[in-house]
Amino acid sequence: MKSSNRPLLRSALLLLLPLCGAARADWVQATDPLAIRPLPDNMQTQAQNPPTFSWSRHPSAPPEYVVQVYLNGVLNRTFKSTRNWYLPPRALPVGNYTWRVRPSTSQEWSTPRSFVIASNSQLFEVAENLALRNAVTRKARPRALPSGLKPFSSWSAAMRADRQQALTGLTNEVNYYVSSLKTVSDSEWPLPGSKIRTAALVAQQSNIMQRVNPNARQLEGAATLYRLTGQQAYLDEAIRRGDQFAALDVNGPTSFANQDMGSRVIAQSLMKAIDMLAGALVVNGDTTRRDKWLSVVAARTSALYADLSAGGGRLDQLPYDSHAATSMAYLTLTSTLALGDIPAAADWFDFSFRAFVSSFSVWSGPEGGFANGTAYAEYEADFALQIWPALAQATGVNMFDKPWSRGYAQFLMHFVPPGQQTHVFGDGHETAPEYRFMKGFASRYATPQAAWYVKNLTRPDDVLATLQAPYPMPVATVAAAAATPPANAAYYPSIGWTAMHSNLADSGRTSLYFKASPYGSFNHSHGDQNGFVLFSGGVPLLTETGWYDWYDSPLWNSWYRQSKSHNALTFDGGIGQVVEGYEEPLSRNGRINAFSTTPAVDYVEGDATPAYAGLLKSATRKIWYVRGTDTAVILDQYASATPRVFEWNFHGYAPIDADAAGNISITNQGRKVCLVPLATSDQRFERRVGPPPQSGTYEDHGVFVKAAAATSGEFLTVLDVGCKGTAVRLDTSGGLRKVVVGTQTLTLPLPK
């Protein structure tokens with residue numbers, strides 16, 4: 001996974017420095033935009049029962065908090081927590097609730113907040129830590145594999161029909177890499193660690209992950225094959241790969257301080273191998289090898305734990321850290337598998353497990369989106385497949401059962417449908433989806449939608465994840481005839497994304513994605529509020545541009561995340577949304593004002609005004625997608641206190657063609673879109689130049705630009721997918737303004 005490398009020092013200081021001044025009346029609501037938010041709130045029906053209660057820390061840093069929960073005005077439960085969140089171990093009865101919290105050292109109660117537990121709030125109960133630890137340590141190894149996983153020799157005919165291909169695939173993979181995958185060595189990475197991110201150091205950091213990841217997979221793959229086949233060759237290969245990891249200097253280039261991602265992978269893969277190989281690591285009572293591996297796991301995981309637990313748990317108060325959140329997942333599984341063998345694992349587990357499972361992602365609400373973009377959503381699916389199944393087998397807590405996780409599977413279907421050639425929005429948007437991760441994630445659900453998605457993803461399964469999964473896979477229990485795609489249009493309110501498809505079931509579908517996100521350009525997001533992306537048959541037509549060389553690189557700052565590299569509004573030669581700063585982009589954001597969908601027309605309205613950080617008085621975009629004619633009408637309206645020359649940016653991975661008559665089109669891989677401005681007397685088309693694209697790719701850039709500076713105005717543009725010449729006209733009769741697209745009439749607001 002690519003790292004955000006966020007400024008951890010600032011986070012640590014925020015937690016460690018004393019807060020001055022008296023507490024505010026409602027102290028649970030911090031002024032820092034990065035702080036945890038008090039939830040549940042606003043009388044919202046909870047997707048999960050019981051919900052996680054969260055609040056900002058009290059300035060006095062009390063040793064404990066007291067939480068009171070009222071059902072229909074009557075005190076129902078009282079909880080105590082040493083941290084600023086609490087997940088009750090048992091479900092709450094259906095009803096209307098309020099809750100409040102105070103420090104254990106005072107009677108300074110927070111303002112009561114309301115929520116609803118409904119009959120359809122999904123049950124997700126998690127026992128307390130002591131009960132979980134006892135259950136884990138009672139399990140025989142391997143804890144991480146399904147208890148019913150049998151050696152291949154005893155597979156039933158049905159299981160062989162289902163899993164033989166995966167077993168053959170993993171066997172071929174491991175056998176191939178026995179000789180072709182070089183073992184890792186500290187000598188490969190001579191550059192000393194530094195806080196200064198030079199291109200050479202970034203390349204070395206990247207190379208460490210390029211070397212560690214396949215070796216970790218080879219270790220786990222060989223250990224899995226040994227469990228399934230009992231063949232000595234796979235035990236030998238697993239031991240060889242484990243020994244190489246154990247030989248690396250825990251304070252060297254792969255140390256937590258120098259490459260925390262590599263260090264956490266090494267620790268987890270070793271612990272998984274210790275679990276799967278079990279007694280095979282002990283020869284004639286000699287535990288030397290096993291002890292060595294455990295000592296390496298302990299050293300690397302202790303460093304990870306020290307980082308995450310700093311200040312009482314930095315993610316508890318400042319959760320918007322994708323890098324640390326992934327580290328918490330590694331800590332959770334490693335500590336679970338290490339219980340009983342590493343004394344410190346009990347502390348690691350008590351710190352991480354409930355924190356991890358109680359509130360898995362801060363990158364969306366309970367509906368399951370992912371604000372950091374679909375490339376990072378893919379990485380999240382990959383991590384889930386590496387960690388969640390083993391965690392479920394060891395503890396009985398299945399993360400795939402969380403309401404967020406179920407919604408996340410739907411999110412992947414809507415924004416990375418079968419056949420789409422690139423990701424959308426945020427870092428990595430230009431990369432091709434690796435569908436085996438999305439397929440593996442969706443396979444964990446016995447729903448018609450998951451069955452449709454899995455059936456239409458032509459990429460093979462991840463063979464390692466498949467062989468470690470329970471049999472049969474949940475999706476396999478859905479009848480083929482029942483497979484049905486989700487709705488053609490969807491709105492994910494907590495991240496401000498919408499998807500509008502002509503027909504999800506059709507591989508030649510048109511897909512129009514729009515974003516106006518409350519997350520702004522924070523973390524791995526870009527300055528693309530009110531931005532859109534258009535695909536036809538999975539082929540990108542109107543695209544985002546640039547490429548992700550590394551986080552915070554010169555290209556990343558100057559072009560990749562700027563509004564001018566997206567299909568978004570700029571002015572005065574490419575000035576766009578303000579993306580500089582650290583926490584500031586979280587409040588320089590967008591929002592969806594309206595969304596509706598019918599079989600004939602989808603509609604979305606976004607407001608990106610805050611993203612321009614006061615440079616504009618208003619910036620709204622309205623999009624109507626007319627499904628019958630496969631046409632989109634886009635209306636941008638804007639206002640500024642000072643006159644500006646406004647620009648409507650658009651981009652393609654193929655040449656932008658402007659013919660002699662002024663018609664603008666893009667044709668890519670036989671798919672085409674025509675851009676038709678309406679009321680064009682005050683604007684013109686211009687070509688723009690961006691930085692060199694990634695090697696082997698092509699990018700073209702254009703704008704519709706206003707003829708003169710003004711304090712307000714609009715762009716009205718039609719996207720004719722397929723360049724069918726759909727009849728479109730602007731009608732201003734009767735004091736109204738309408739766009740007639742074929743036989744569909746759309747009523748537009750009057751110019752401001």
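Let's start with a cluster of charges: Glu173, Arg217, Glu434, Arg436 and Asp462 are linked in a network of salt bridges. A salt bridge here is a side-chain nitrogen of Lys or Arg within 4 Å of a carboxyl oxygen of Asp or Glu. Counted that way, there are 35 salt bridges. Before going on, keep in mind that this is a predicted model, where local features need pLDDT of at least 70 and side-chain atom pairs count only at pLDDT 80 or more, while totals for chains, interfaces and linings use all residues. Residues are numbered from 1 along each chain as its sequence is written, and side-chain values use heavy atoms, with hydrogens and water left out.

Arg688 and Glu647 bring their side chains together at 3.6 Å, N to O. Arg688 belongs to strand β24 (residues 683–688) and Glu647 to strand β20 (residues 646–652), so this pair ties together parts that are 41 residues apart in sequence.

Since Lys706 is in strand β25 (residues 700–706) and Asp682 in the loop between β23 and β24, the pair ties together parts that are 24 residues apart in sequence. Lys706 is buried at 6%, and Asp682 is partly exposed at 35%. The charged end of Lys706 also sits over the ring of Phe715, 4.6 Å from its centre. To count, NZ of Lys or CZ of Arg must be within 6 Å of the ring centre and within 35 degrees of the ring normal. Arg100 lies over the face of Trp109 in this way, at 3.9 Å from the ring centre.

Rings can also pair with each other. The structure holds 52 aromatic pairs, meaning that rings of Phe, Tyr and Trp (its six-membered ring) have centres within 6.5 Å; planes under 30 degrees apart count as stacked, over 60 as edge-to-face and the rest as tilted. One of the pairs is Trp55 with Tyr65, edge-to-face at 5.4 Å centre to centre and 70° between the planes. Trp55 is in the loop between β3 (53–54) and β4 (65–71), and Tyr65 is in strand β4, 10 residues apart. Both Trp55 and Tyr65 are buried.

What about a covalent link? A disulfide is a covalent bond between the sulfur atoms of two cysteines, and it is counted when the sulfurs are within 2.5 Å. The structure holds 1 disulfide, which joins Cys674 to Cys723 with 2.1 Å from S to S. The torsion about its S-S bond is about 110°, so the disulfide is right-handed.

Finally, visit helix α9. Its 17 residues (322–338) should span 24 Å at 1.5 Å a residue, and the end C-alpha atoms are 25 Å apart, which agrees. The expected span is 1.5 Å times one less than the number of residues. In α9, 16 of the 17 residues are buried, and Gly340, with a positive phi near 90°, follows the helix.

Conventions
Helix = DSSP H or I, 4+ residues; strand = E, 2+ residues; numbered from the N terminus. Buried < 20%, exposed > 50% of the residue type's maximum accessible area, 1.4 Å probe, protein only.
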